[in-house]
Amino acid sequence: MCALFSQIILQAQTLKYTNGNNAWNADSLGNHRVVLQFAGNGKVAHALIKWRRRDENPESKRIIVQDEKGKQVKNLGTENLSRESVDLYFEPASGAGKYFVYYLPFKNEGRSNYPKGVYLKPNVVDQNWLNKAKAVKVNSLVSEIQSIDAFNSFYPMEVIATKAETNALKSSYLGDSFMVFPEDRLYPIKMQNDLPYRWIQNGIKKIFSGVASKGEHYSFQLGIFALKSLQNVSVSYSDLKTKSGKVISSKFINCLNTNGIGYDNQPLIQKVNVSSGKVQPMWITIDVPKTTVAGIYVGQFTVKANGQSKTVKVSINVQNQLLVDGGVGTPDKQTRLTWLNSNLAQANTVVAPYTPLTVEGNVISLLGRKFEINTDGFPKQIQTFFNTEMTGYTEKANNLLYEPIHFHFYNTPKIQEKFTANSFQITDKEAGTVKWKATNISANLSMDVEGALEFDGYAHYSVKVTALNDIEFSNVDFHIPFDKSATKYLMGLGEKGGIRPDTVKWKWDVANKNQDAVWIGNVNAGLYFNLRDENYVRPLNTNFYLQKPLVLPKSWGNDNKGGIQINVKGSSMLADGFTGPRSMKKGDVLYYNFNLLITPFHLLDTDFQWENRFYHKYGSLDTIKATGATVVNIHHATPINPWINYPFIEWKKMKTYVDEAHKKGLKVKIYNTVRELSNHAYEWPALRSLGTQVYSPGKGGGFSWLQEHLDSNYIPAWFVPEIKDAAIINSGMNRWHNYYVEGMNWLVKNVGIDGVYLDDVAFDRVTMKRIKRVLTQNNHPGIIDLHSANQYNKNDGFNNSAILYMEHFPYLNRLWFGEYFDYQKSSPDFFLTEISGIPFGLMGEMLQDDGNPWRGMIYGMTSRLGWSDKSDPKPLWKAWDSFGIKGSEMIGYWSDNCPVRTNNPGVLATVYKQKGKTMVALASWAEDDVRIDLTIDWLKLGLDAAKVKIIAPDINQFQSTGNYPEGKSIPIEKGKGLLLILE
């Protein structure tokens with residue numbers, strides 16, 4: 001058999017695989033072509049092309065043949081067409097010469113940024129012509145296979161072995177369950193369904209040799225070819241030793257596919273199963289210690305499965321060169337794979353502007369808030385100390401609760417379990433987190449409560465309910481009795497942000513609705529809560545929600561019988577999370593977990609809003625500086641940040657730009673998040689080897705590159721036609737977030753970025769805290785702004801953007817909400833709660849149709865410069881500077897202390913109070929043009945009414961000059977407003 005295998009290798013044709021250097025139009029001809037020479041003998045060209053294609057069903061795809069001038073041949077037919085080879089016959093267009101055979105032509109259908117690559121069907125063949133052509137022997141020489149560029153090439157790891165080659169190899173290992181092919185990191189294994197021809201050429205080797213530097217994050221692969229279906233594949237390894245006894249301990253070695261650290265810093269153990277006939281790469285990382293003595297280190301790596309084992313001798317030649325950065329500056333060498341297991345910035349240290357938690361008895365104090373715990377472990381009272389302007393603190397507490405949060409377990413509508421609380425204790429007191437636990441016992445239940453409060457106002461509750469006997473319940477109710485005075489606004493549970501309805505009735509519907517949370521409160525005091533169980537998995541967000549929705553919590557959802565009702569009850573406003581009837585057997589366990597966010601998170605930083613003026617477009621720094629902007633947002637698909645969420649390839653260009661910006665007094669933030677990942681990421685084959693751990697499962701399709709190199713089981717995401725950057729969707733919470741944090745850290749240290757622009761967020765608050773820590777290290781600005789399109793639609797699961805991302809709000813500097821937010825038809829209360837960020841200590845900007853500048857101004861918002869040709873806040877910026885808005889006190893219309901009011905409820909006024917003068921922003925929601933009078937508290941403004949002039953300064957594209965003595969009969973156009981200066 002070995003002789004047969006050797007003979008097949010010798011007989012195999014080796015074609016050159018070359019770079020086509022974009023010599024043809026791939027959008028009409030496809031990304032790949034065969035180059036052949038027709039000798040000119042006769043009127044039929046016959047070529048035997050051994051193309052070794054990885055795509056399935058090549059017979060269903062068109063072949064196009066052209067001469068050197070692009071003229072297409074008249075007649076064309078095939079024989080013996082397979083993935084391995086084809087006999088191609090065609091009628092030459094121009095006699096002897098060079099011809100190009102395009103074999104994966106496609107057309108893009110669908111939206112430009114979400115294309116559907118459709119491969120062209122074969123042309124109808126003139127069967128009479130083909131039957132005659134088949135008499136012609138091979139008369140054309142196939143010289144090479146070209147890809148449109150190097151990035152699209154299949155060589156060498158996607159050039160398939162033939163069936164005969166594979167069978168000959170398998171016949172030598174008839175009694176084995178698998179084979180192992182050691183492979184270098186520079187040749188990532190990319191195919192699951194085929195052996196690469198490279199392995200046929202190289203043969204099976206039991207020795208792997210590599211070269212590493214001291215301190216390097218080195219990696220290599222063990223390619224598993226399953227001859228039978230394999231269960232629980234494992235890799236074990238010895239220490240690596242030199243002949244002189246020097247050692248690299250096995251503790252520095254890891255198999256990424258089986259062991260790691262989760263995004264949440266928990267150990268991660270993965271089971272690897274491989275179906276018969278499939279290929280599974282096992283990526284091995286070796287963190288070579290910096291203190292390693294140069295030399296050749298040898299060890300044994302053993303792969304085990306199905307009771308069998310195979311050992312590979314691994315020899316690593318450690319050079320004397322020391323890599324201080326672990327080699328991560330050259331990610332094409334897969335040196336960053338160890339980032340997948342990083343725990344960087346996991347310690348819950350306090351992030352500015354927050355302050356360390358303090359505990360006095362059962363009361364925990366945090367920035368602007370207090371949290372009192374009852375003896376049963378649940379909140380007894382929650383208070384905030386923010387003033388209604390959101391610009392300072394008050395000594396008077398704003399109580400959120402009318403009475404403590406509690407559960408009712410009803411045996412019948414009139415009889416319930418009576419719990420006795422005992423063993424309450426605070427178990428941890430740290431600056432960033434305080435933890436406690438309590439046990440509550442009734443006749444039939446044990447309820448174990450574990451709670452934790454963090455420095456930003458996030459509280460997590462794990463409520464484990466265990467049945468001590470078989471028991472029936474008519475209902476289980478979770479009650480949050482709000483103080484009615486703290487419940488003016490509500491959003492979530494299918495309700496858009498605004499004035500709280502008298503009654504909200506909501507039921508679980510995870511298949512269609514990304515809803516498990518609600519926020520209720522005032523501008524200066526509010527509470528968000530969500531209901532989850534121990535099996536919660538973060539769903540895909542935005543327009544991918546329906547492909548991976550919420551998992552119905554077994555406890556709260558109760559087979560869709562559960563829900564929430566919110567309404568006034570007696571002296572409180574009650575939020576009642578109910579489950580409906582259910583039963584528990586003795587020993588059954590249910591988790592009624594919930595999370596709270598106490599809002600606001602911090603005071604408004606109005607000076608940050610006035611000082612930091614974002615320019616959202618890559619361009620000349622001199623031009624940008626001349627506009628008055630101070631911060632440049634670099635989107636992806638730009639020369640210095642071309643590939644979505646992978647800003648590491650053109651990082652030197654980015655650094656040059658950032659350095660120049662800093663010299664000019666500008667800051668630079670970049671687009672970088674994790675919802676999807678560019679196909680240009682060096683690590684994509686290693687990430688794909690992890691199954692669906694990092695990449696979400698899906699139906700495949702999308703742009704041609706994805707179909708040609710990933711086959712299937714992925715979700716195509718954002719695509720940039722100009723540079724053909726094709727991303728795929730990440731699966732949610734996974735180890736890529738560890739890489740993301742490390743990447744941010746690297747960008748701060750090596751490129752000097754001043755922050756990050758987030759375009760929707762696919763990670764939770766754990767990762768958000770980590771990136772805030774690395775972005776703000778060593779006094780870096782660490783500016784984070786979040787953009788979101790309106791999520792309230794079918795594909796997004798009818799969620800509110802502010803609800804979806806509220807857990808991230810404590811770490812943001814600005815909001816940009818966003819596409820599909822209607823600034824013309826939305827009420828002031830919707831503006832305030834869903835768009836402005838003000839009830840949470842944030843401020844924002846407008847996007848859709850460049851916003852409504854008049855309405856925006858009463859929330860301190862403008863549109864963003866550079867985003868569109870019409871988006872031009874420069875005139876308003878100029879008006880701000882002319883007035884001297886920096887250092888002013890913003891007193892919004894929502895504040896009881898606002899010193900300027902109008903006599904028309906449809907026209908609202910926000911004050912910007914400066915010493916000796918005041919700017920008043922007026923905005924109308926009235927149905928028609930109106931004239932309004934101002935009521936002014938001159939004492940609060942510190943102005944003398946007899947000496948003050950009220951004028952409207954000329955502001956380009958905003959208003960004309962006006963003079964309004966005594967603030968009477970001021971004309972306000974429908975949907976617009978005015979800026980007035982009182983001085």
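Colleague: At 28% relative accessibility, what does Lys724 count as?
Modeller: This is a predicted model, in which local features need pLDDT of at least 70 and side-chain atom pairs count only at pLDDT 80 or more, whereas totals for chains, interfaces and linings use all residues. Residues are numbered from 1 along each chain as its sequence is written, and side-chain values use heavy atoms, with hydrogens and water left out. Buried means under 20% relative accessible area and exposed over 50%, with partly exposed in between (1.4 Å probe, protein chains only). At 28%, Lys724 therefore counts as partly exposed.

Colleague: How many residues apart in sequence are the parts that Lys724 and Asp27 tie together?
Modeller: Lys724 forms a salt bridge with Asp27, with 3.1 Å between the closest N and O atoms; the term requires a side-chain nitrogen of Lys or Arg within 4 Å of a carboxyl oxygen of Asp or Glu. Lys724 lies in the loop between strand 50 (716–720) and strand 51 (725–729), and Asp27 in helix 2 (residues 26–29), so the separation in sequence of the parts tied together is 697 residues.

Colleague: What is the relative accessible area of Arg185, which forms a salt bridge with Glu216?
Modeller: The closest N and O atoms of Glu216 and Arg185 are 2.9 Å apart. Glu216 sits in the loop between strand 12 (207–214) and strand 13 (217–226), and Arg185 in the loop between strand 11 and helix 5; helices (H or I, at least four residues) and strands (E, at least two) are DSSP runs, numbered from the N terminus. Glu216 is buried at 4%, and Arg185 is also buried, its relative accessible area being 7%.

Colleague: Which residue meets Glu454 in a salt bridge?
Modeller: The partner lies in helix 13 (residues 765–775), whereas Glu454 is in strand 32 (residues 445–454), 311 residues away. The N-to-O distance is 3.0 Å, and the partner is Arg765.

Colleague: Which residue makes a side-chain polar contact with Trp199?
Modeller: Trp199 lies in helix 5 (residues 197–202) and is buried, with a relative accessible area of 2%. Beyond its neighbours within four places in sequence, its contacts (heavy atoms within 4.5 Å) include Met157, Phe181 and Val279. A polar contact is a pair of N or O atoms within 3.5 Å; within protein, one must be able to donate a hydrogen and the other to accept it, and residues adjacent in sequence count only if both atoms are side-chain atoms. At 2.8 Å, the side chain of Trp199 is joined to that of Glu183.

Colleague: Which strands are at the edges of the open sheet of four strands?
Modeller: The order is 11-13-20-17, with antiparallel pairing, where two strands pair if DSSP finds at least two bridges between them. The edge strands, each pairing on one side only, are strand 11 (178–183) and strand 17 (253–255).

Colleague: Which residue in strand 20 is the bridge partner of Ile253?
Modeller: Strand 17 runs antiparallel to strand 20 (residues 279–287), and three bridges join them. Within strand 20, Ile253 has as its bridge partner Ile286.

Colleague: How many of the nine residues of strand 35 are buried?
Modeller: Strand 35 is joined by five bridges to strand 28 (residues 406–412) and by seven to strand 42 (residues 572–578), with antiparallel runs in each case. Strand 35 (residues 475–483) is largely enclosed by the rest of the structure, because the number of its residues that are buried is eight.
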